[in-house]
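Subject: Structure for your review

Dear colleague,

Please find below the structure that I am handing over to you. My notes on what was found in it follow directly after.

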Amino acid sequence: MPLYEQRKFVAPEFIFGLNARQRVAQYARNFGARRVLLVSDAGIAAERWLNDVRVTLDAAGLASEVFLDVTPNPRDREVRAGTEFYRSCGCDVIVAVGGGSVIDCAKGIGIMATNGGDILTYEGIDKIEAPTPPLICIPTTAGTSADLSQFCIITDLGRRVKIAIISKAAVPDVALVDPETTLTMDPYLTACTGIDALVHAMEAFVSTASSPVVDVHALAAMRLIRDNLVATIKAPGDLVRREQMMLASLQAGLAFSNASLGAVHATAHSLGGFLDRPHGESNALMLEHVIRFNYSNAADRYDTIAQTLGIDLRGMTGTQRRDALVEWVRQLRLACGVCDGLGARGVRSGDIDDLSGFAAQDPCIFTNPRRANRDDLHVIYEEAL
Ligand SMILES: [Fe+2]
């Protein structure tokens with residue numbers, strides 16, 4: 001057996017468990033906060049989670065300012081507006097309460113606050129030089145894991161594409177991972193974020209930058225999603241299931257943050273800038289087609305995924321094993337209520353040239369187990385129409 005290649009593993013401090021969010025004041029104080037910028041969105045503000053956090057900060061004598069102008073697939077202009085607000089209020093610590101969009105916007109604000117310049121200039125890997133302000137994340141979805149990851153995904157409105165900023169500086173300082181905050185997710189958001197977590201685990205596991213430590217988390221996440229995703233959608237108030245999905249998201253996040261992703265995310269990022277639909281939905285629609293494309297270059301890894309998901313591969317040829325995994329993934333997608341394809345969501349054949357051009361430049365494509373150029377990605381999009 002060959003020796004492993006060197007790999008690093010980065011993870012923020014995190015607290016996992018019921019009521020973890022109530023530790024926010026203690027951490028903000030430890031970071032020397034005088035005025036906290038609370039980043040959230042209108043949907044979360046309508047639930048009790050944002051108010052909970054604000055009350056906790058108030059009780060500890062910590063002033064806070066609230067920035068809510070964040071939309072799904074957060075835009076470059078929202079990051080600029082948030083940075084302006086952060087500076088004008090004299091904030092010194094950022095607390096993000098929300099899903100991946102809110103957390104990514106908060107990361108963007110932190111990057112611009114101390115590095116200056118424009119958020120779009122930080123696209124790519126390791127472009128951030130100055131440390132960002134302390135960032136405390138309280139995720140309210142179980143899937144994106146932006147609260148743990150080195151990724152910050154922002155929509156470039158001018159080009160209608162999502163850019164990926166990947167840097168150790170984008171790792172939050174602490175994540176307060178509290179399963180109770182996911183109780184208010186609607187069934188479709190639960191489905192999309194859960195499938196996103198599954199794709200994180202699968203893409204990390206087959207990534208060319210994978211490692212034994214990544215594998216442990218990726219496989220554990222797959223088992224948890226196998227056992228809990230559909231059941232959680234059917235019983236949204238089941239806190240035990242919600243906690244299992246939150247743990248799955250956390251472990252998938254540890255995996256992909258350190259192994260990066262692949263062609264599913266590269267094509268989904270390109271779609272996300274174009275369609276402005278849920279990120280996990282884009283992943284769900286691309287996954288089957290990417291597995292078909294990738295399988296021959298990582299057959300052993302995909303077979304391990306299939307067995308972990310509970311598929312009996314005995315006696316099957318390679319093609320049959322590939323097809324069995326694709327079918328399992330398709331059935332899960334349908335059981336989660338993600339039906340039809342890209343065409344039903346407004347993508348036309350004439351759009352695919354641009355979509356594949358952007359996907360071919362996405363940083364996630366570099367760790368895909370099979371090299372995928374623009375023409376390859378064109379074919380994958382055609383199949384997903
Ligand atoms: Fe994702």
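Strand 2 (residues 35–39) is paired with strand 3 in the parallel sense, over 5 bridges. Within this pairing, Val 36 has Ser 64 of strand 3 as its bridge partner. Please keep in mind throughout that this is a predicted model.

Two helices belong with this part of the structure. Helix 4 (residues 76–89) lies across strand 2 and strand 3, and its direction is at about 160 degrees to strand 2. Helix 5 (residues 100–115) packs on the sheet, where it touches strand 2, strand 4 (93–98) and strand 6. The direction of helix 5 makes about 165 degrees with that of strand 4.

The sheet as a whole is open and has 6 strands, in the order 1-9-6-4-2-3, with parallel pairing. Which strands form its edges? They are strand 1 and strand 3 (63–67), each of which pairs on one side only. From one strand to the next, the twist averages 20 degrees.

Strand 1 (residues 13–16) pairs with strand 9 in the parallel sense over 4 bridges, and Phe 14 stands opposite Ala 175 of strand 9. Strand 6 (residues 135–139) also pairs with strand 9 in the parallel sense, over 2 bridges; here Ile 136 stands opposite Val 174. In a regular strand, side chains alternate between the two faces of the sheet. In strand 9, Val 174 and Leu 176 point one way, while Ala 175 and Val 177 point the other way. Are these residues buried or exposed? All of them are buried.

I turn next to the domains. The domain assignment of the chain gives domain 1 (13–182) and domain 2 (185–384). Their centres, taken over C-alpha atoms, are separated by 25 Å. In the contact between them, 27 residues of domain 1 meet 34 residues of domain 2. On the side of domain 1 that touches domain 2, strand 5 (124–125), strand 7 (151–156) and strand 8 (161–166) each supply at least two residues. By class, this side of domain 1 has 12 nonpolar, 11 polar and 4 charged residues.

Another point concerns a pair of helices. The axes of helix 10 (residues 279–294) and helix 12 (residues 318–335) come within 9 Å and cross at roughly 180 degrees, which means that helix 10 is roughly antiparallel to helix 12. Helix 10 contributes Ala 284, Leu 287, Glu 288, Ile 291 and Arg 292 to the contact, and helix 12 contributes Arg 322, Leu 325, Val 326, Val 329, Arg 330 and Arg 333. By class, this contact of helix 10 with helix 12 has 6 nonpolar, no polar and 5 charged residues.

Finally, I would draw your attention to His 265, which lies in helix 9 (residues 263–275). Why does His 265 count as buried? It does so because His 265 has 32 C-beta neighbours inside 10 Å, and the cut-off for a buried residue is 20 or more. Not counting residues up to four places away in sequence, His 265 touches Glu 203, Asn 283 and Cys 364. The C-alpha atoms of His 265 and Ile 138 are separated by 23 Å, and these two residues are 127 residues apart along the chain.

Yours sincerely,

A colleague

How values were computed:
Residues numbered from 1 in each chain as written. Predicted model: local features only at pLDDT ≥ 70, side-chain atom pairs only at ≥ 80, totals over all residues. Axes fitted to C-alpha atoms, helices over the stretch in contact; angles between N-to-C directions. Parallel < 35°, antiparallel > 145°, perpendicular 65-115°, else oblique. Contact = placed C-beta atoms within 7 Å. Nonpolar A, V, L, I, M, F, W, Y, C, P; charged D, E, K, R; others polar. Buried ≥ 20, exposed ≤ 12 C-beta atoms within 10 Å, placed from the backbone. Pairing = 2+ DSSP bridges. Domains from an automatic or database assignment.
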